[in-house]
Amino acid sequence: MRLNMYSAKTAAFLVLGTAGLAFTPHAQACGERRGRLGAAALALLAPQLEAQSNASLSTAQLTSSVVRAYQLWGRGQPKAAIAILEPLLRAGPRFDDARDAGVAWNILGHSYLDLGRYAEAKLGYQHAIEILRPIASARSQYGSALDSMGMLELSLGQQNEAKTLCEKARQIYAELGDSAGVASTSVDLAVIVVGRNDFKAARRFLQTAIQAQPERAMKTDDLAAMDVVKSRLALHVGNGEEAVAMAQHAIDLWTQAHGPGYFMLSNGYLLRAQALVHSGDYVAAIRDAQHALAIIEAGIGRDTVDFLSAEVVYAAILRASGAKQEGSRMAKEAGNALTDLQRRQCSGCTIDASGFR
């Protein structure tokens with residue numbers, strides 16, 4: 001089993017790119033994210049989950065289970081992926097290739113991260129790192145785990161740690177001659193630095209990504225992530241029209257690749273809403289923000305960091321449109337709920353990135 005998947009996630013906007021797990025060739029999460037797993041899908045999954053209760057899973061069954069979990073995660077069903085991987089990994093299965101165990105933990109970490117369960121995501125990524133780090137033939141997968149941990153740190157607001165981890169991941173891909181990995185981690189780095197308003201560095205990282213891999217050869221999710229960064233850059237210089245166009249292009253790419261229910265689309269709509277506010281089109285901005293909230297609620301629910309963060313953005317749009325009282329009330333309620341949720345979910349879950357190499 002060889003799975004390569006590149007991924008990125010930020011607190012400002014979630015972006016899934018293309019950076020590494022174990023299966024070959026390079027693959028990224030594909031398919032439409034449809035939110036909660038439906039009854040029909042659960043029925044199909046039940047026999048597999050029952051099989052996993054047997055401690056004597058064959059290697060083929062282990063591989064099939066991890067691949068299935070990856071597919072479900074990629075289709076926007078992190079809860080279903082967790083339902084497969086939690087009992088499997090808790091049983092301590094023996095994989096023929098230790099890299100596959102690292103992959104499984106990385107997928108589990110991604111699934112937790114999508115649900116805002118940061119402490120559990122951290123443990124998943126730590127297990128992946130511990131397994132993969134000493135394996136000479138698993139450098140690409142190790143780089144992916146570092147990149148994943150970096151995106152977790154970014155979601156926690158630890159931008160310096162995030163940047164350090166993603167830079168280490170990019171260095172590994174450069175040493176391996178993996179141009180796709182270099183490009184994708186460079187996009188991740190652009191996402192990180194634009195989130196802290198370092199626009200010069202964001203442009204530099206975008207250029208590095210393009211030098212490593214031409215845009216025509218990039219994966220759809222990387223291109224969409226680049227468009228999001230370009231939209232932020234355009235908004236920074238006051239070019240509202242360009243900001244809207246870039247956000248629209250990201251929305252189009254994600255929709256074409258994954259369908260209209262794709263979870264990451266919420267970030268495209270939120271970004272376009274902010275750009276529309278700059279242009280004074282408050283009606284369209286409010287509509288986009290409401291649509292983003294609906295996507296998040298359908299995908300992972302209301303009591304999540306992503307939903308509450310989106311509500312904070314929506315509140316700012318309401319205030320800008322003239323609905324100051326409603327916007328202020330929502331901002332206060334969402335802000336307090338967000339602070340409380342982050343405290344409950346992630347007490348002590350940041351890490352020191354200095355020890356990774």
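**Checking helices and a core in a predicted model**

Me: What span should the 17 residues of helix α10 (residues 220-236) have at 1.5 Å a residue?
Reply: They should span 24 Å. The rule is 1.5 Å times one less than the number of residues. The end C-alpha atoms are 24 Å apart, so the two agree. A helix here is a DSSP run (H or I, at least four residues), numbered from the N terminus.

This is a predicted model: local features need pLDDT of at least 70, side-chain atom pairs count only at pLDDT 80 or more, and totals for chains, interfaces and linings use all residues. Residues are numbered from 1 along each chain as its sequence is written, and side-chain values use heavy atoms, without hydrogens or water.

Me: Why is α10 called largely enclosed?
Reply: 13 of its 17 residues are buried, so the rest of the structure largely encloses α10. Buried means under 20% relative accessible area (1.4 Å probe, protein chains only). Gly-238 follows α10, with a positive phi near 85°.

Me: What makes helix α3 oblique to helix α4?
Reply: Their axes, lines fitted to C-alpha atoms over the stretch in contact, cross at roughly 140° and come within 9 Å. That angle makes α3 oblique to α4.

Me: Which residues have the most contacts inside the largest nonpolar core?
Reply: Leu-85, Leu-89, Phe-95, Leu-152, Val-229 and Trp-254. This core has 103 residues. It joins buried Ala, Val, Leu, Ile, Met, Phe, Trp, Tyr and Cys through side-chain atoms within 4.5 Å.

Notes
Buried means under 20% relative accessible area, exposed over 50%, partly exposed in between (1.4 Å probe, protein chains only). Helices (H or I, at least four residues) and strands (E, at least two) are DSSP runs, numbered from the N terminus. Axes are lines fitted to C-alpha atoms, for helices over the stretch in contact, and angles run from 0 to 180 degrees between N-to-C directions. Angles under 35 degrees count as roughly parallel, over 145 as roughly antiparallel, 65 to 115 as roughly perpendicular and the rest as oblique.
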